[in-house]
Amino acid sequence: ELIPKGGNDLSARRRLQHQLEIRELSHCKELLRKFETVSKVFDATQATLDNLSSTVESASARVGAAREAAGSLVERATKLETQKAQIERKSAIVTQLLKQFQLEEHHSRALGSSQVDAAMLDAIERVNAIRAHCHVLLESYQKVGLDMIEDLSKRQERAYRVLFHWIQDQVPQCAERSEGVPFNS
């Protein structure tokens, strides 16, 4: 079939070439037909890869945004923890200062009272203790220390006045009871 009829002349060779081209074309068409399904699979695979690539890029962008958000949240949480620790330290210092430099309510009531009793004497003792420690405040917080000393001095002076008048009333009575002799002022 591939051997040219009529010898090896130019027309025979052309016919042979034409036959070979037709056969090659037929093989190529057959090959294309058979590879058409493979080509469709490759096209579908390419589309899937393109979708996968865009999905990966989107996920990567979301992960990056989440990392940034988490990083800023962690940074903010760290700052807040540091601030909380500072506030707790300051609160402990203030609590200690108040315990050391503030009169309790029952002391304030006793100092404001006109009655001389153990509560008043205890309050005067507390004022003296606070005043003795006020030099600590004066070293660092002069205004606060001076204000506290002034307030305590006023309270102490009032308590001493009440105590003085009470003693003036009590001494003559005690002297009369113990000696039976009137006390001359």
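This is a predicted model: local features need pLDDT of at least 70, side-chain atom pairs count only at pLDDT 80 or more; totals for chains, interfaces and linings use all residues.
Local features required pLDDT of at least 70 and side-chain atom pairs pLDDT 80 or more, whereas totals for chains, interfaces and linings use all residues. Residues are numbered from 1 along each chain as its sequence is written, and side-chain values use heavy atoms, without hydrogens and water.

R161 forms a salt bridge with E157, with 3.4 Å between the closest N and O atoms (a side-chain nitrogen of Lys or Arg within 4 Å of a carboxyl oxygen of Asp or Glu). The two residues lie 4 apart in helix α4, so about one helical turn separates R161 from E157 (helices are DSSP runs of H or I, at least four residues, numbered from the N terminus). Elsewhere, salt bridges with shared partners join E30, R33 and K34 into one network. The whole structure contains 10 salt bridges.

Helix α4 spans residues 142-179, and K143 and D147 are likewise 4 residues apart in it. K143 bridges to D147 at 3.2 Å between the closest N and O atoms; K143 is exposed, at 61% relative accessible area, while D147 is partly exposed, at 37%. A further salt bridge joins E150 and K154 at 3.5 Å, N to O. Of this pair, E150 is partly exposed, at 44%, and K154 is exposed, at 54%.

Notes: Buried means under 20% relative accessible area, exposed over 50%, partly exposed in between (1.4 Å probe, protein chains only).
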